[in-house]
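Open the model in a viewer and keep the selection panel at hand. The stops below go from one selection to the next.

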Amino acid sequence: MDRRTPCNGPLHRRDLLRLGLLSGAAGLSLPDLLRLKEAAAAERKQASPRSETSVILVFCHGGPSHLDTYDLKPEATAEYRGPYKPIRTNVPGIEISELFPLQAKIADKFALVRSVHHAHFDHQDGAQMFLTGRKPLTIKPKPDHPDFIAVTARMREATSRDLPPSIGLPPVEFSGPGFLGPSYAPFRVQGDPDRANFVVPDLGSADPRFLARTARRQRIRSAVDGMRRDLLESREVAAADRFYQKAVDIVTSPAAAKAFDLSGEPDKLRDRYGRNRWGQSMLLARRLVEAGVSVATVALYGIGNSPAHNWDDHAVNWHIFEAMNHRAPYYDQALTALIEDVYARGLDRNVLIIATGEFGRTPKIEYNNGRPGRDHYAYAMSILLAGGGMRMGQVIGSTNSLGEHPDERPLTVGNLLETVYRHLGIDTSHELVDNSGRPLRILDPAEPISELL
């Protein structure tokens with residue numbers, strides 16, 4: 001843990017510009033994904049999960065410190081506890097960081113799990129373990145096994161409506177469909193929904209510029225297809241045309257245009273979320289799940305003018321407490337507004353909100369030339385859950401006096417994912433076939449978190 005060189009974390013700010021929109025209209029491979037989905041559907045008998053439930057995953061890339069957010073240790077020595085004081089919430093006995101005064105007012109609407117732990121300390125394998133419930137075979141950018149986002153897309157395929165089953169705003173870095181293949185990766189969108197750099201609002205079927213670009217791309221594709229018809233079976237070409245047209249239909253449908261258009265939301269509500277990328281993305285996530293998307297992810301990278309481009313708060317990267325002070329108001333406002341909005345709209349039984357990172361941070365503060373920070377730490381972390389028709393207003397589990405490891409009610413990632421899958425109506429004993437032809441359970445046997453049910 002003696003880190004002397006910067007750890008850039010899961011994604012640098014400039015790399016956000018490389019995240020695009022996976023659609024035929026944007027020149028990428030949604031038609032191929034649709035084709036692969038149909039082929040996979042023809043090969044299997046799938047379960048019929050409930051289609052009305054959904055998940056919004058708010059993911060703090062880099063791993064937020066549990067000791068500075070939801071599991072403070074005010075009695076610990078200064079080298080562990082940090083500068084923040086715990087504050088009371090509207091639920092007696094529950095305290096959280098003074099950084100989150102808005103969340104403190106709605107603690108009856110969320111639950112904190114303080115005792116989930118795993119043993120994977122790198123961003124890649126930490127995120128993959130957290131999202132798949134399985135130990136990565138090797139450390140690499142994408143997982144070998146499908147994460148719960150891809151599994152949900154696969155199992156919800158027969159019940160998905162006009163929108164893709166999963167959408168990333170943007171997707172969680174290091175997540176992926178594993179052996180299920182790219183057809184079950186989330187639909188990517190890019191940018192701030194409140195700014196001109198946001199891609200999707202231009203996809204409305206009434207936009208003549210978009211339709212003109214689409215028509216040009218279709219003409220080009222038709223010309224290319226014509227040149228290769230002597231090389232391919234006519235049936236294959238027809239299938240490619242059909243999947244391309246289906247992709248265009250998805251991104252130009254009235255349902256997609258309506259779901260992605262924030263202009264219909266009251267200004268007062270948009271202000272409550274915060275007129276920034278985090279706030280407007282969380283508002284958009286609520287709209288998407290309300291429109292039928294099964295899993296919407298909101299990946300929280302850096303925001304504003306802070307040098308902290310993610311939550312990877314090493315001392316060699318930046319001053320952890322300056323970064324926390326900067327990002328906390330954005331996070332507190334947006335997450336509180338999302339939770340309140342879901343409850344106000346009567347969505348709290350169907351929509352489960354999860355706010356987390358891939359792991360926590362080291363309990364003991366490190367220093368680099370006098371600058372404080374905390375390293376990666378997977379033996380303890382805190383997770384916030386809200387809605388899902390579950391029992392809120394409680395804390396589940398605890399860590400020891402220094403926040404080093406679970407003390408009461410130790411829980412695994414499997415326990416958490418079993419709870420999530422149960423909410424989605426997905427039977428985790430259902431078997432998927434991996435690349436070697438071996439049937440594999442969706443998730444190894446694990447008990448759900450009974451306190452939530």
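A charge is said to sit over a ring if NZ of Lys or CZ of Arg is within 6 Å of the ring centre and within 35 degrees of the ring normal. Select Arg 327 and Trp 311: the charged end of Arg 327 sits over the ring of Trp 311, 4.3 Å from its centre. Then select Lys 109 and Tyr 343, where the charged end of Lys 109 sits over the Tyr 343 ring, 5.8 Å from its centre.

This is a predicted model, in which local features need pLDDT of at least 70 and side-chain atom pairs count only at pLDDT 80 or more, while totals for chains, interfaces and linings use all residues. Residues are numbered from 1 along each chain as its sequence is written, and side-chain values use heavy atoms, with hydrogens and water left out.

**Whole chain**

Show the protein chain as a cartoon: there are 12 helices and 18 strands. Helices (H or I, at least four residues) and strands (E, at least two) are DSSP runs, numbered from the N terminus. Of the 453 residues, 58% are buried; buried means under 20% relative accessible area, exposed over 50%, and partly exposed in between (1.4 Å probe, protein chains only). Contact means heavy atoms within 4.5 Å. Of the contacts between residues at least 6 apart in sequence, 74% join residues at least 24 apart.

**Aromatic rings**

Rings of Phe, Tyr and Trp (its six-membered ring) pair if their centres lie within 6.5 Å; planes under 30 degrees apart count as stacked, over 60 as edge-to-face and the rest as tilted. The structure holds 10 such aromatic pairs. Trp 278 and Trp 311 make a stacked one, 6.0 Å centre to centre with 15° between the planes. Trp 278 lies in helix α10 (residues 277-290) and Trp 311 in the loop between β7 (295-300) and α11 (320-344), so the pair ties together parts 33 residues apart in sequence. Trp 278 is buried at 1% relative accessible area, and Trp 311 is buried at 3%.

Tyr 330 is partly exposed, at 26% relative accessibility. To complete the view, select Tyr 70, Phe 100 and Tyr 331 as well: with Trp 278, Trp 311 and Tyr 330 they form one aromatic cluster.

**Helices α5 and α12**

Select α5 (residues 148-155) and α12 (residues 413-424), which pack at an angle of about 25° with their axes 12 Å apart. Axes are lines fitted to C-alpha atoms, for helices over the stretch in contact, and angles run from 0 to 180 degrees between N-to-C directions. The two helices are therefore roughly parallel (angles under 35 degrees). Show side chains for the contact: Phe 148, Val 151 and Thr 152 of α5 meet Leu 417, Val 420, Tyr 421 and Leu 424 of α12.

**Pro 186**

Finish at Pro 186, in the loop between β5 (166-168) and β6 (187-188). Pro 186 is buried at 12% relative accessibility.

Terms used. Angles under 35 degrees count as roughly parallel, over 145 as roughly antiparallel, 65 to 115 as roughly perpendicular and the rest as oblique.
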